[in-house]
Amino acid sequence: MADEQILQEGDIAPDFSMPASRDRHVSFADFKGKPFVLYFYPKADTPGCTKEACGFNEALKQFESAGLSVIGVSRDPVKKLDAFADKFDLTFPLASDEKGDVTEAYGVWGEKSLYGKTYMGVDRTTFLIGVDGKIARIWRKVKVPGHVEAVLEAAQAL
């Protein structure tokens with residue numbers, strides 16, 4: 001990933017097509033001409049990811065009122081995403097990028113460290129995609145508290 005160009009605000013968002021929770025499928029083409037939020041999270045049913053997903057779910061009506069859809073993406077298999085969605089009644093699609101093509105295309109797969117050990121993982125990142133298919137805003141290395149509110153504010157300003 002080091003030699004790949006990092007996505008910037010104003011860039012055309014990379015294409016995607018992924019299976020999602022509750023027998024759904026999401027693709028970039030589904031959102032042609034519509035703004036949406038695409039957020040990447042490390043692992044389903046972990047504390048930070050649960051807080052973030054529940055935050056987006058609680059604000060979903062407000063995002064929808066602003067004309068936006070929300071999609072969560074991780075590298076978990078669909079079966080795990082279904083269990084996560086069911087456990088917390090998450091109604092928006094949780095997409096499965098098991099092969100990692102989408103996380104790599106969006107530049108959110110990279111080296112991380114925890115307790116002195118390094119490993120590869122998903123960097124918590126959110127992309128706000130405009131009606132033109134371009135990236136309107138990017139939040140990298142997201143801290144969960146206050147994040148959903150910041151994304152909603154930016155989404156309402158689109």
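At 0% relative accessibility, Phe127 counts as buried (buried means under 20% relative accessible area, exposed over 50%, and partly exposed in between, with a 1.4 Å probe and protein chains only). Phe40 is buried as well, with a relative accessible area of 0%. Phe40 and Phe127 form an edge-to-face aromatic pair, with 5.8 Å from centre to centre and 85 degrees between the planes. Rings of Phe, Tyr and Trp (its six-membered ring) pair if their centres lie within 6.5 Å; planes under 30 degrees apart are stacked, over 60 edge-to-face, and the rest tilted. The pair links distant parts of the chain, since Phe40 is in strand S3 (residues 36-40) and Phe127 in strand S8 (residues 125-129), 87 residues apart. Helices (H or I, at least four residues) and strands (E, at least two) are DSSP runs numbered from the N terminus.

## Basis of the values

This is a predicted model, in which local features need pLDDT of at least 70 and side-chain atom pairs count only at pLDDT 80 or more, while totals for chains, interfaces and linings use all residues. Residues are numbered from 1 along each chain as its sequence is written, and side-chain values use heavy atoms, with hydrogens and water left out.

## Other aromatic contacts

The count comes to 13 aromatic pairs. The ring centres of Phe28 and Phe36 are 6.0 Å apart and the planes stand at 75 degrees, so this pair is edge-to-face. Both Phe28 and Phe36 are buried.

One aromatic cluster is formed by Tyr39, Tyr41, Phe56, Phe63, Phe84, Phe88 and Phe92. Trp109 has a contact with a charged group: the charged end of Arg75 sits over its ring, 3.7 Å from the centre. A charge sits over a ring if NZ of Lys or CZ of Arg is within 6 Å of the ring centre and within 35 degrees of the ring normal.

## Salt bridges

The structure holds 7 salt bridges, each defined as a side-chain nitrogen of Lys or Arg within 4 Å of a carboxyl oxygen of Asp or Glu. Glu52 forms one with Arg124, the closest N and O atoms being 2.7 Å apart. The pair links distant parts of the chain: Glu52 belongs to helix H1 and Arg124 to the loop between S7 and S8, 72 residues apart. Glu52 counts as buried at 1% relative accessibility, and Arg124 counts as buried at 15%.

Lys87 forms a salt bridge with Asp45, with 3.1 Å between the closest N and O atoms. Lys87 lies in helix H3 (residues 78-88) and Asp45 in the loop between S3 and helix H1 (47-58), so the pair ties together parts that are 42 residues apart in sequence. Lys87 counts as exposed at 55% relative accessibility, whereas Asp45 is partly exposed, with a relative accessible area of 34%. Lys141 forms a salt bridge with Asp123, the closest N and O atoms being 3.9 Å apart. This pair also links distant parts of the chain, 18 residues apart, with Lys141 in the loop between strand S9 (135-139) and helix H5 (147-156) and Asp123 in the loop between S7 and S8. Lys141 counts as exposed at 59% relative accessibility, while Asp123 is buried, with a relative accessible area of 16%. Arg22, Asp86 and Asp89 are linked in a network of salt bridges.

## The largest pocket

The largest pocket has a volume of about 380 Å³. On a 1 Å grid over the protein atoms alone, a pocket is an open set of points where a 1.4 Å probe fits, with protein on both sides within 12 Å along at least five of seven lines; lining residues have an atom within 4 Å of a point. Grid points are joined across faces, edges and corners, and a volume is the space filled by probe spheres set on the points.

The lining has 16 residues, of which Pro42, Lys112, Tyr119, Val122 and Arg124 lie nearest the pocket centre. Strand S7 (residues 117-122) contributes the largest share of the lining, 4 residues. By class, the lining has 7 nonpolar, 1 polar and 8 charged residues. Ala, Val, Leu, Ile, Met, Phe, Trp, Tyr, Cys and Pro count as nonpolar, Asp, Glu, Lys and Arg as charged, and the others, Gly among them, as polar.

## Separations along the chain

Lys43 is found in the loop between S3 and H1 and counts as partly exposed at 42% relative accessibility. Lys43 and Gly116 are 73 residues apart in sequence and 20 Å apart in space, C-alpha to C-alpha.
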